[in-house]
Amino acid sequence: MVSKEDLNYIDRENDSRKYGIKRFARLKTLYQNPNYRNFTIKSPEKVKNIYGGDVIWVDSPEKDRASVGLIYVQTLDGRAAFPAPWEAKGGLTDWYHFREILRFGIDAVGAARNMRRGNNNERPLLLSFYDPELVKYRTNELQKGRHPLGVIITGSGNIDNGIDHLAFRYEGKSVIFTSKDGLKNLESVVKGNSSMSVEVIGKSPRELDMKEMLRILKSKYKVERFLALGGPGFSTDLIKQDCVDNYFINIAPTLSGDNRIKSFFSAEESLPRLVDLELVSLKISKENTGEGGFTLYPHYIPKR
Ligand SMILES: NC(=O)c1ccc[n+]([C@@H]2O[C@H](COP(=O)([O-])OP(=O)(O)OC[C@H]3O[C@@H](n4cnc5c(N)ncnc54)[C@H](OP(=O)(O)O)[C@@H]3O)[C@@H](O)[C@H]2O)c1
C-alpha cells in the first residue's frame, strides 16, 4: 500500500511535471578530488546512476561531535532564501539531490523553526526523505531506522501552529534545540509526545551554541552525520561557529538581483578573515537542456 509519505513524494514529482520537467537529469562528474575518494556513503544503484557515483561526505575533524553538511541551491548572484527551494530553478535533479540523495544515508536532518513550512500555505517541510526505493535501501542495506532524526532549531521556542507533520507525530523521532528563554514556550508543543524531546543550548535566543548541539546529537542521539537545511539565520550561525564540514551549494543558471532574498551566509559583520575552501567534487547535468540543465553541483569542505 502506498503510504501518505510516499504519496507526498509522488506529489512533488507531479508538481515537477507541471513545471515541464519530465525526468531526472543524470549528473556528469567534472572533477573528483582523489584525497576524498574513500569518504563514501555506500549508495543504491538509483543514486549512483543519477548522481554519477556514491555520495561523498567528509567527517568532522572533531570526533566528539556530529559532522555537518549544509545544502542550498542559489542563483549565480548568491540569492538563496526563496519561499520554496525550487524557485531558484535548480531543476528536478537539484530537488531530488536536496530531498533524497543527501538524506538516505544520514542520521539527522535539521532546520530553523520556520522551515517546517516555507509559508503557511505550504505542506509541512519534510525533515525526512520519501523515495520508496531509497527507504528500502536505508533500512535493509544500511540498517538504519526509517526516518533520520528530525531536528528543529528555535532560540525563541515559538513554533507557529505546532508540530504537525506525520513524521513528527507518529513515526519519526525529533529533537528541538532552544535557549533557556525559549524552553517555556515549548512545553505545550511537546507535552504528551513521547517521540519528541527538547535540549537547551544557550541562555537567550541569539546565543545558541552550535557545537554543543552537535556534541549532544552525537553523544545522546547517536548522530554521526547531520544535514542542515537552513534558513539563512541558522546556516550563518553554523558557519560563524565553524561547524560546517561539507558545503553542498548548488548554483542554478539564473540571476535574481533581489537583495531582499538572503544568501545562505548573511552575517551582519564579516568574518575576521576569508575562509578557504577545498573542492571535493564538481558535477553538472549530462543533458544540457531544460530547467536544471546547467545547474552546477560543487561540494566544498573548509580548509582548517
Ligand atoms: N534555496 C535553498 O536551498 C533554501 C534553503 C533553506 C531555506 N530556504 C528558504 O529560506 C526561507 C527562510 O528564510 P528566513 O529568512 O525566514 O530564515 P532564517 O533567517 O533562518 O530565520 C528563521 C528563524 O531562524 C531563527 N534564527 C536562527 N538564527 C538566527 C539569526 N542569526 N538571526 C535571525 N533569526 C535566526 C529565528 O527563529 P528563533 O528566534 O525561534 O530562533 C528565525 O525566525 C524559507 O522561505 C526557505 O524556503 C531556501
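What percentage of the 304 residues of the protein chain count as buried? In this predicted model the answer is 43%, where a residue is buried if 20 or more other C-beta atoms lie within 10 Å of its own, exposed if 12 or fewer, and partly exposed in between, with C-beta atoms placed from the backbone. The model is a predicted one, in which local features need pLDDT of at least 70 and side-chain atom pairs count only at pLDDT 80 or more, whereas totals for chains, interfaces and linings use all residues. Residues are numbered from 1 along each chain as its sequence is written.

**View 1. The protein chain and its sheet.** The secondary structure of the protein chain comes to eight helices and 12 strands, taken as DSSP runs numbered from the N terminus (helices, H or I, at least four residues; strands, E, at least two). Ten strands form an open sheet with mixed pairing, in the order S1-S11-S12-S10-S4-S9-S5-S6-S7-S8; two strands pair if DSSP finds at least two bridges between them. Strand S1 (27-32) and strand S8 (196-200) stand at the edges with a single partner strand each, so one side of each is left without a neighbour in the sheet. On average, and with direction ignored, neighbouring strands of this sheet are turned by 20° against each other; axes are lines fitted to C-alpha atoms, for helices over the stretch in contact, and angles run from 0 to 180 degrees between N-to-C directions.

**View 2. Strand S5 and its two partners.** Four of the five residues of strand S5 (residues 108-112) are buried, so S5 is largely enclosed by the rest of the structure. S5 pairs in the parallel sense with strand S6 (residues 149-153) over five bridges, and in S6 the bridge partner of Ala112 is Ile153. S5 also pairs in the parallel sense with strand S9 (residues 225-228), over three bridges, where Gly110 stands opposite Ala228.

**View 3. Strands S7 and S8 with helix H6.** Five bridges join strand S7 (residues 174-178) to S8 in the parallel sense, and Ile176 has Val198 in S8 as its bridge partner. Helix H6 (residues 180-190) lies across S7 and S8 and runs at about 170° to S8, contact between two residues being defined by C-beta atoms, placed from the backbone, that lie within 7 Å.

**View 4. The shell around the ligand.** The ligand is surrounded by 29 residues, of which the closest are Ala81, Gly155, Gly230, Gly231 and Gly233; a residue is near a molecule if its C-beta atom, placed from the backbone, lies within 6 Å of it. Strand S4 (67-74) and helix H8 (232-240) each supply at least two residues of this shell, and the largest share, five residues, comes from H8. By class, the shell has 15 nonpolar, 10 polar and four charged residues, where Ala, Val, Leu, Ile, Met, Phe, Trp, Tyr, Cys and Pro count as nonpolar, Asp, Glu, Lys and Arg as charged, and the others, Gly among them, as polar. Gly231 is found in the loop between S9 and H8, and the peptide bond from Gly230 to Gly231 is cis, with omega near 0°.

View 5. Lys89, in the loop between S4 and helix H3 (92-101), has phi near 70°, a positive value in a residue other than glycine, and counts as partly exposed with 17 C-beta neighbours inside 10 Å. Lys222, in the loop between helix H7 (210-221) and S9, has a positive phi near 60° and is exposed, with 11 other C-beta atoms within 10 Å.
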